[in-house]
Amino acid sequence: LQSDDTAMLAGLELFVSAGLDHESDQQNGLAALAAQTILESPVNGTTLGDAIVARGGSVTCAVGPQYARFYLEAPPGSIGALTALLSRALTSPVITPATLAAARAAVTKRIADDENNPVAVGMAMLRQSYYDGGAGLPTNGTTATLANFVEADVKSFIGAHYRRGGAIVTAVGHVTAPVAAAGRTLVSALPDGTGDTVVTTSRAFAATPKRIV
């Protein structure tokens with residue numbers, strides 16, 4: 001927790017051990033698709049993302065080498081109710097052809113944005129040069145790999161890796177007692193247990209290392 005009483009908003013960030021290091025080459029993009037499917041899950045008649053925006057908050061997701069990350073931001077007085085919505089989608093995502101199609105479209109757009117962003121391209125090259133295994137794969141996969149996933153793939157990935165063991169939550173901004181409690185609720189809502197242990201390894205430097213300019 002890191003509080004700033006002058007801030008107008010509070011933010012909760014949840015990290016679950018469901019990042020790129022859990023992907024094989026054939027599964028590249030599955031971690032990003034699973035995280036986005038959670039945001040597309042229907043809650044109270046609309047998607048989770050739209051339901052949170054309608055109540056004055058915002059929620060985003062991102063995937064890194066080790067973690068899938070969800071960031072929820074709202075006024076401190078609203079964050080408890082919004083955390084309940086996010087918890088419901090995390091623990092009981094609605095994975096249907098419609099939610100999967102919406103998630104696939106959102107991730108495909110991120111792929112296009114990254115391909116047109118020189119900084120994102122450079123960071124992808126750096127990760128690929130540094131990490132061994134899945135951690136060095138493209139963050140959002142490719143349009144070709146995304147097209148192969150079906151609902152069962154996403155359900156299996158979430159069921160295996162969205163677990164309480166190894167999860168991390170941070171709270172920033174105007175962190176009141178209810179905000180801190182909401183963070184604990186967010187973690188405790190996840191199913192108990194720990195997913196498969198993955199050791200993220202880096203590549204040894206060659207005699208003549210690569211340089212990215």
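Helix α1 is mostly covered: 11 of its 11 residues are buried. Buried means under 20% relative accessible area, exposed means over 50%, and partly exposed lies in between (1.4 Å probe, protein chains only). The buried residues of α1 include Leu-30, Leu-33, Ile-38 and Leu-39, and also Gln-36, Thr-37 and Glu-40. Helices (H or I, at least four residues) and strands (E, at least two) are DSSP runs, numbered from the N terminus.

This is a predicted model: local features need pLDDT of at least 70, side-chain atom pairs count only at pLDDT 80 or more, and totals for chains, interfaces and linings use all residues. Residues are numbered from 1 along each chain as its sequence is written, and side-chain values use heavy atoms, with hydrogens and water left out.

Next comes a charged residue. Asp-21 sits in the loop between β2 (10-16) and α1 (30-40). Asp-21 is buried but has no salt bridge. A salt bridge is a side-chain nitrogen of Lys or Arg within 4 Å of a carboxyl oxygen of Asp or Glu. Lys and Arg count as positive, Asp and Glu as negative; His and the chain ends are not counted. The nearest side chain of opposite charge to Asp-21 is Arg-127, 12 Å away. What does Asp-21 touch, not counting residues up to four places away in sequence? Its contacts (heavy atoms within 4.5 Å) are Pro-65, Gln-66, Gly-134, Ala-135, Val-198 and Thr-200.

Now the aromatic rings. Rings of Phe, Tyr and Trp (its six-membered ring) pair if their centres lie within 6.5 Å; planes under 30 degrees apart are stacked, over 60 edge-to-face, and the rest tilted. That rule gives three aromatic pairs. One of them joins Phe-15 and Tyr-67 edge-to-face, at 5.8 Å centre to centre and 80 degrees between the planes. This pair links distant parts of the chain, 52 residues apart: Phe-15 is in strand β2, Tyr-67 in the loop between β5 (58-63) and β6 (68-74). Tyr-67 counts as partly exposed because its relative accessibility is 28%. Tyr-130 and Tyr-131 also pair edge-to-face, at 5.0 Å and 80 degrees. Tyr-130 is partly exposed at 41%, whereas Tyr-131 counts as buried at 18%.

Finally, the surface. Val-119, Val-121, Met-123, Met-125, Leu-126 and Ile-212 form a nonpolar patch with about 520 Å² of accessible area together. Patches take residues with over 30% relative accessible area and no salt bridge; like charges are joined within 9 Å, nonpolar side chains (Val, Leu, Ile, Met, Phe, Trp, Tyr) within 5 Å. Areas come from the Shrake-Rupley method with a 1.4 Å probe; for residues, only the protein chains shown count as cover. Leu-126 lies in helix α5 (residues 118-130).
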